[in-house]
Amino acid sequence: MRQKQIFECVNELGRVELDHVTPTDAEYAISNEIRERCKELVLDNSQLEKYKENLLNDIKKGLGKKTHPSSIVKCFITYVQDLPDGTEVGKFLALDLGGTNFRVLLIELNKNHFEMRSKIFAVPQHIMLGSGEQLFDHIADCLAQFMKAEKIMNEVLPLGFTFSFPLMQKGLTKGLLERWTKGFNCSGVIGNDVVQLLKDAIARRGDIDLSVMAILNDSTGTLMSCAWKNRYCRIGVIIGTGTNACYVESRENVENMDEPDAGSGKVLINTEWGAFGDDGSLDFVRVDYDKIIDQNSVNPGKQLHEKMISGMYMGELVRLALEVFCKDGLLFGGKGSEALSTRDRFYTKYVSEIETDAPGTFTNCKEILEELGLKHATEQDCINVRYVCECVSRRAAHLASAGIATLLNKINEPRVTVGIDGSLYRYHPHFHNLMMEKISELINPGIVFDLMLSEDGSGRGAALVAAVASRKR
């Protein structure tokens, strides 16, 4: 119910416009001790410039032939060489597998108009942990059900496949699974081509036929989805449960590119920037809370950049700070609660809800603290809790901004649109405005940019990659 209080609208470019911005802390009296203890969470531009320098070095390593194998930011080649140009027409299928549900979509494109129909199917636990053959047979079965319902069983349609697990791509239609994540552990898939596994499952059925045109991840889909609407889009970013970025790179900078130039002189690069910092290059901005988050995670020492930004960890970062401040007698009169001491009990949505309260009002904050067994919290506590939330979310927004600024400066085109998808960017009341402001401070003079909210990057984006591939063919 509280989430409805986050008012937003999307204008014709898809940008999120918000009806208020983060109030300055001068508007209410944050305790000096809390302000002092949170200083380590506030990044200045000199720190962000160092971040940009480190990230750019890592991106260049990822693109280099000799340095790629040992690089931290992998910069995988997607083999997508062309963006949509508005001439894509026809019917296209898309598969979107990235969790316990997957979707099948049918998209009809006609000039600058599209229609989309989709259905969500569950992936049962026994299939998530079964064999690869079982998984892809299940996907093919659901695909056949959908095609039958849409009366397209006898058509051979181009298909784009969004597969949001770590892939080593060998071509537009070939990707080897590096490792399973998100609770999947199907045998016989790691190291194999998932497109071929899908084709084999379709062949085993014998009742449907389609043409797999591309495999991609959700950041590539986000870029493509936004580029269809906005011809200046060159960057796709996910800021949700996780974070990643994809951007348009000149082929001459991609030393591992082994396919002929399709004519654009460009190729989309999937940075996998969530792993930035895994070699220690972010240690200068990481704090004790970050280290605790990492130690308690399922992948210690991995995805350190992601752990400082994404929605999966933001609430826990706030909880860790609140717990320490409470123990030190700076919050709640030193009296905590069982919930406050329980890992992952302070949800990331609480951060958005607390920051949605109008300046000087604490309706959501008081309600959330009551849920956490902190009914004795005073108004001063609410002021301080909000400030902690702001410091953690602002740091995340500024890190993401520095990453985007690095890509904008690298692309160095005079006008660029950045397509963004993900629940954190979409629902946090100030993330968009914080990013607009900070990116402006960190980009080279002469670059004009805007941030565009993506619409269904993983679904529509997959169909668009298939559509562009069909057009080029």
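Reader: Is the crossing of H10 and H12 left-handed or right-handed?

Author: In this predicted model, helices (DSSP runs of H or I, at least four residues) and strands (runs of E, at least two) are numbered from the N terminus. A crossing is right-handed if the near helix is turned clockwise from the far one by less than a right angle, and left-handed if it is turned anticlockwise. For H10 and H12, the crossing is left-handed.

Reader: What kind of model is this?

Author: Residues are numbered from 1 along each chain as its sequence is written, and side-chain values use heavy atoms, with hydrogens and water left out. Local features need pLDDT of at least 70, side-chain atom pairs count only at pLDDT 80 or more, and totals for chains, interfaces and linings use all residues, since this is a predicted model.

Reader: Are H10 and H12 parallel, perpendicular or oblique to each other?

Author: The axes of H10 (residues 348–356) and H12 (residues 379–411) come within 9 Å and cross at roughly 120°. Axes are lines fitted to C-alpha atoms, for helices over the stretch in contact, and angles run from 0 to 180 degrees between N-to-C directions. Angles under 35 degrees count as roughly parallel, over 145 as roughly antiparallel, 65 to 115 as roughly perpendicular and the rest as oblique. H10 and H12 are therefore oblique.

Reader: How many charged residues has the contact of H10 with H12?

Author: Contact means heavy atoms within 4.5 Å; Val351, Ile354 and Glu355 in H10 meet Val385, Arg386, Cys389, Glu390 and Ser393 in H12. Ala, Val, Leu, Ile, Met, Phe, Trp, Tyr, Cys and Pro count as nonpolar, Asp, Glu, Lys and Arg as charged, and the others, Gly among them, as polar. By class, four residues of the contact are nonpolar and one is polar, while the number that are charged is three.

Reader: Is Lys335 buried or exposed?

Author: Lys335 lies in the loop between helix H9 (311–327) and H10, and it touches Cys326, Leu374 and His376, not counting residues up to four places away in sequence. Buried means under 20% relative accessible area, exposed over 50%, and partly exposed in between (1.4 Å probe, protein chains only). With a relative accessibility of 54%, Lys335 therefore counts as exposed.

Reader: Which strands stand at the edges of the five-stranded open sheet?

Author: Two strands pair if DSSP finds at least two bridges between them. The five strands follow the order S6-S5-S4-S7-S10, with mixed pairing. Each edge strand has a single partner, so one side of it is left without a neighbour in the sheet; these strands are S6 (113–122) and S10 (210–216).

Reader: Which residue in S7 is the bridge partner of Asp96?

Author: Strands S4 (residues 90–97) and S7 (residues 157–163) run parallel and are joined by five bridges. In S7, Asp96 has as its bridge partner Thr162.

Reader: Which residue in S15 is the bridge partner of Gly419?

Author: Six bridges join S14 (residues 415–421) to S15 (residues 448–453), and the two run parallel. S15 is mostly covered, with five of its six residues buried. The partner of Gly419 in S15 is Met452.
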